[in-house]
Amino acid sequence: MLKINNYSKSYGGDKKAADNVTLHVESGDIYGFIGHNGAGKSTTIRAVVGVLDFTEGEILIDGHSVKDEPMECKKVTAYIPDNPDLYENLTGIQYLNFIADVFDISEHDRKERIAKYAGTFEITDSLGDLISSYSHGMKQKLAIISALIHEPKLMVLDEPFVGLDPKATFALKEIMHEMCAKGTAIFFSTHVLDVAEKLCNKVAIIKKGKIIASGTMEELTEGHSLEETFLEAENE
Amino acid sequence: MNKSIILLKNLLLSTSQFNIFRYTTDKKKKGNVIGNTIGMTILFIMLMVYCIAQCIGYGKLGIIDATPVLCALLVSAIAFVFTFLKTNGYLFNFKEYDMLISLPFDVKTVAACKFLYMYIKSLPWYMSISVAMLIGYSVYAGFSLPVAILWILLSLCLPLIPMVLASFLGFIIAKIGSYFKKTNIVQTILTFILIIAAFMSRFVIESVFKNGQVRDALEQTKAATEDAAAVYLPAGWFAKAINELSVTAALFLIVVSILLFAVVFAIVGRYYRSLNSALKSHAASGEYTMGAQKKSSVVNAIAFKEFKRMTGSTVYLTNAGVGEILVCLLGILSLVIGFDRLVSTITQNAPFDPAILRPAIPFIVYFCLGMISTCACSPSLEGKNYWIVQSLPITRKTLYQGKMLFNMYLTVPFMVFATVCIGISAKAALPDLLLYLILGFVLCAFSTTWGCVCGIRHMRLDWENEVEVVKQGAAVGIYLLINMVFTMLSCVGSVLLGMRMDHRILTGIFIAVVSILAGLFYKITMKLAK
């Protein structure tokens with residue numbers, strides 16, 4: 001579903017924010033992307049979703065090149081940034097309708113899905129309020145609902161659990177499992193290694209822009225905890 | 001629904017004051033919307049009254065036929081300048097770029113919709129100028145329905161060409177800036193170069209157009225307008241369409257506007273993603289080593305924070321720095337060509353002795369410096385970062401004192417430089433020069449405190465784009481208008497009174513009056529800060 005081949009990106013300096021990154025996410029995978037702050041996670045994620053321009057390497061989503069066929073890629077992808085900048089002066093429902101319009105979702109489907117996910121995340125009552133009145137967690141929930149509304153084939157999430165309450169965190173994990181069972185691929189970055197360990201079937205560790213370890217959870221940890229594996233890889 | 005329409009509709013809705021008013025349950029927010037709407041309505045009315053009065057002046061002078069050209073030139077000039085200063089922040093490098101571009105929109109659609117959004121949002125300003133001038137024109141030329149329809153229809157097109165050209169220029173500057181590590185600084189320098197070039201070209205164009213023998217002010221205005229229309233063809237097409245009811249000229253204006261938009265946005269769209277990637281990315285050296293750290297007072301620390309806030313944003317820096325740059329140029333120019341020649345150039349050889357303008361020197365300097373007060377927008381610019389200053393152990397009084405101190409740091413050195421330069425070139429005696437400097441200082445204090453009153457009263461923290469508060473906010477608009485009226489009246493007053501009384505006494509009176517006003521506004525600021 002997602003193939004990143006030899007992707008590199010530098011921001012004008014000598015250092016590369018992403019250096020020859022290669023990783024493949026298959027349908028049904030929950031792929032965790034871990035690394036310390038400034039390791040290159042967001043630089044990779046932003047290139048995957050077509051936000052960041054790049055010249056080195058190739059990124060394919062569902063067989064389409066992000067560089068050459070961005071529209072085909074974006075139609076099947078959902079992206080949740082680490083700190084979603086939503087339109088503060090729209091109401092929650094106005095924002096969700098905007099996203100539904102963009103993905104051309106029928107009135108029946110959007111109503112059903114909004115009701116379902118807003119109910120799950122317990123923000124139905126707040127949908128008529130301006131987003132500016134939402135807490136950080138509520139904005140995060142709204143961003144997650146907007147990502148789920150078009151039933152994407154690939155979900156790319158940058159620190160999706162930040163700001164969520166325990167109930168919402170549990171609900172999101174359940175939804176991620178449900179979607180994977182249906183064949184959706186999920187690629188997400190996180191600092192919460194416990195969550196990654198329990199949730200992901202595959203993991204990649206990035207350090208100074210380079211992938212230093214990747215594979216299935218079993219291959220990577222070899223009986224140790226993900227935390228131990230991560231710290232060992234970081235210290236090497 | 002077409003995706004462009006979906007996006008455009010959403011962009012407009014997301015910044016709609018009506019939407020906020022309709023859905024917010026916060027009474028203070030509702031009050032702010034009402035206050036902003038009333039403030040903006042007053043500004044629109046004042047602008048329209050000014051334009052109608054201008055047309056009445058043309059009518060009385062017997063040059064009402066020149067109104068369509070003047071209207072086209074005025075709208076085009078304003079559209080060009082305001083768009084150019086807004087492109088960075090509105091068209092490129094805007095906050096919700098990541099969210100929008102990750103959605104299935106074609107990149108060209110995003111670029112074009114952002115431009116159209118900018119066009120629709122500023123259209124009420126251009127239309128109020130145009131409609132007001134149509135009213136004034138109709139009073140003298142007689143009302144004609146076809147003329148009125150054509151005028152209004154073509155007025156919709158008038159800002160398009162200058163806006164597209166300004167956007168393209170902004171795009172080129174952003175593109176050049178994106179090749180450098182210090183993108184922001186390069187963009188700011190290039191923008192200033194362009195502003196200075198535009199400022200200087202005014203004098204060059206005038207000297208080309210003027211043959212030196214034209215003395216009659218009436219003929220001069222007409223001739224200059226016709227010359228300008230000959231250079232800027234769309235103004236000529238608009239005038240021809242109105243004066244001669246020429247369908248060809250009207251079609252020319254419409255077709256060229258649309259074609260130019262299509263061509264420019266095909267080019268901009270092509271480089272849009274790479275440009276925004278470069279503008280939104282920042283190289284980090286990661287090589288900092290801990291050195292000695294300086295301690296400073298709270299007020300100075302806030303002023304320094306304001307300085308870094310300004311230099312970190314091209315939009316803010318170009319807006320806040322334009323007056324300082326112009327005043328420097330004015331000072332240098334007066335030293336190079338002399339005060340008398342400078343006055344003759346600015347007043348287009350009007351038949352009066354330049355010496356009578358001497359009491360107005362501080363106001364001439366202030367005219368440039370006081371155009372913008374950082375205090376008018378800096379309270380709103382805190383935006384989502386407002387929690388930082390709110391959670392710190394500082395009072396709001398200290399916060400605004402810091403903001404005011406920064407505006408003084410920014411304006412006073414430039415005021416001193418320009419006043420000394422102009423004073424020397426005008427051969428002002430030392431006591432006069434000292435009085436000019438004192439008056440200049442209190443004028444800076446007036447601009448600072450009045451700006452702060454506007455900034456606090458019309459503070460808006462929920463902006464989507466900093467351009468909304470730096471260039472378009474009610475605080476900035478109200479500050480600008482009242483300050484302009486104040487400066488104009490003071491300028492005229494100083495000249496008229498200067499012919500009847502001693503210059504030193506007059507400057508002393510102005511110092512006292514402006515000091516009282518500045519003190520009053522400082523008190524209001526401190527009261528508002530409670």
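Predicted model: local features only at pLDDT ≥ 70, side-chain atom pairs only at ≥ 80, totals over all residues.

Author: Chain B is divided into domain 1 (3-11 + 22-280) and domain 2 (298-528).

Reader: How many residues of each domain of chain B take part in the contact?

Author: Domain 1 of chain B gives 25 residues, and domain 2 of chain B gives 24. A pair is in contact if the C-beta atoms lie within 7 Å. On the domain 1 side, helix 3 (27-61), helix 4 (67-90) and helix 9 (183-209) of chain B each give two or more residues. Helix 9 of chain B has the largest share of that side, with 10 residues.

Reader: Which classes of residue make up the domain 1 side that touches domain 2 in chain B?

Author: That side has 11 nonpolar, 10 polar and four charged residues. Gly counts as polar in this scheme.

Reader: How many residues of chain B and of chain A are in contact?

Author: 32 residues of chain B are in contact with 30 residues of chain A. Helix 1 (3-14), helix 2 (17-23), helix 5 (97-101) and helix 12 (247-280) of chain B each supply at least two residues of the chain B side. The largest share of that side is five residues, from helix 1 of chain B. By class, the chain B side has 11 nonpolar, 12 polar and nine charged residues.

Reader: Why is A:Glu151 called partly exposed?

Author: A:Glu151 has 14 other C-beta atoms within 10 Å. Buried needs 20 or more, and exposed means 12 or fewer. The count of 14 falls in between, so A:Glu151 is partly exposed.

Reader: What is said of phi at A:Glu151, and where is this residue?

Author: Phi of A:Glu151 is positive, about 45°, although the residue is not a glycine. A:Glu151 is in the loop between helix 5 (136-148) and strand 7 (154-158) of chain A.

Reader: What makes B:Leu245 partly exposed?

Author: B:Leu245 has 13 other C-beta atoms within 10 Å.

Reader: Where is B:Leu245, and what is its phi?

Author: B:Leu245 is in the loop between helix 11 (233-243) and helix 12 of chain B. Phi of B:Leu245 is near 50°, a positive value in a residue other than glycine.

Methods
Residues numbered from 1 in each chain as written. Chains lettered and ligands numbered in written order. Contact = placed C-beta atoms within 7 Å. Helix = DSSP H or I, 4+ residues; strand = E, 2+ residues; numbered from the N terminus. Domains from an automatic or database assignment.
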